[in-house]
Amino acid sequence: MKKLESTWYNMSLVLTGIAVVAGAALGYVNSITAPTIASIKAQQEKAAEEEVLNGQEGKAVKITDPKGFGGPLTVMVGLAPNGTILGYKVLESSETPGLGAKAQDWFQKGQKGDIIGKTAGSLTVSKDGGDVDAITASTITSRAFLRCINAAYEELSKRSADTESGATKQASEPNNNI
């Protein structure tokens, strides 16, 4: 068999062929594994809901903040009907190991940034005038985390308002026909 001449055209043709075969193989493997991955993710979310509620009355809300230091940060937050934080679990994070990745534990009960038992909605880090200690050297992650907590409260508030009535609430007008 004659060896192909090393020209730009031949190299591009071979590289394109390799890329097409590799892409097709990856697509095939993805199509086979996607249902299993989705099922595992759903099970993990269900377990996270139970963990953050810890047997207490409340709702679990999953929130993603796109502005974490390393990328999006997804948190499952357990909230009592009055907005008290029952628990949380970081579901997805691209934060720096040893720094921003500490969010999973940093804000738990008894830890330095403890938020459990506080009312969600307007939590901010102490650097921004709030009363929550940020993770050391990870203020951006801490801000993203607290935005998730506050957004979960807002989402829960919207859900509660939407279930009260399908009608739009209007201010009552005085009856001047007396």
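Predicted model: local features only at pLDDT ≥ 70, side-chain atom pairs only at ≥ 80, totals over all residues.

Colleague: Okay, strands. How do S2 and S3 run, and how many bridges join them?

Modeller: Strand S2 (residues 73-79) and strand S3 (residues 85-92) run antiparallel, with six bridges joining them. Two strands pair if DSSP finds at least two bridges between them. Helices (H or I, at least four residues) and strands (E, at least two) are DSSP runs, numbered from the N terminus.

Colleague: Which residue does Val-77 stand opposite?

Modeller: That's Tyr-88 in S3. S2 and S3 make a hairpin with five residues between them, and in the turn Gly-83 has a positive phi of about 95°.

Colleague: New topic: how many salt bridges does the structure hold?

Modeller: Seven. A salt bridge here is a side-chain nitrogen of Lys or Arg within 4 Å of a carboxyl oxygen of Asp or Glu. One of them is between Lys-41 and Glu-92, whose closest N and O atoms are 3.1 Å apart. That pair links distant parts of the chain, since Lys-41 is in helix H1 (residues 8-53) and Glu-92 is in strand S3, 51 residues apart.

Colleague: Is Lys-41 buried, exposed or partly exposed?

Modeller: Lys-41 is partly exposed, because its relative accessible area is 37%. Buried means under 20%, exposed over 50%, and partly exposed in between (1.4 Å probe, protein chains only). Glu-92 is partly exposed too, at 37%.

Colleague: What does Glu-51 meet in a salt bridge?

Modeller: The side chain of Lys-89, at 3.9 Å from N to O. Glu-51 lies in helix H1 and Lys-89 in strand S3, so this pair ties together parts that are 38 residues apart in sequence.

Colleague: And what about Asp-128?

Modeller: Asp-128 forms a salt bridge with Arg-143, at 2.8 Å from N to O. Asp-128 is in the loop between helix H2 (103-106) and helix H3 (139-164), whereas Arg-143 is in helix H3, 15 residues apart.

Colleague: Switching to rings. How many aromatic pairs are there?

Modeller: Searching the whole structure gives two. Tyr-88 and Phe-145 are edge-to-face, 4.8 Å centre to centre with 70° between the planes. Tyr-88 sits in strand S3 and Phe-145 in helix H3, 57 residues apart. Both Tyr-88 and Phe-145 are buried. Phe-107 and Phe-145 are stacked, 4.3 Å centre to centre with 5° between the planes.

Colleague: What counts as a pair?

Modeller: Rings of Phe, Tyr and Trp (its six-membered ring) pair if their centres lie within 6.5 Å; planes under 30 degrees apart count as stacked, over 60 as edge-to-face, and the rest as tilted.

Colleague: Where is Phe-107?

Modeller: In the loop between H2 and H3. Phe-107 is buried, and ring pairs link Tyr-88, Phe-107 and Phe-145 into a cluster.

Colleague: Last one: which residues make the nonpolar surface patch?

Modeller: Leu-4, Val-14 and Ile-18 make a patch of about 290 Å². Patch residues have over 30% relative accessible area and no salt bridge; like charges are joined within 9 Å, and nonpolar side chains (Val, Leu, Ile, Met, Phe, Trp, Tyr) within 5 Å. Accessible areas come from the Shrake-Rupley method with a 1.4 Å probe, and for residues only the protein chains shown count as cover. Leu-4 is in the segment before H1, and Leu-4 is exposed because its relative accessible area is 56%.

Methods
Residues numbered from 1 in each chain as written. Heavy atoms only, no water.
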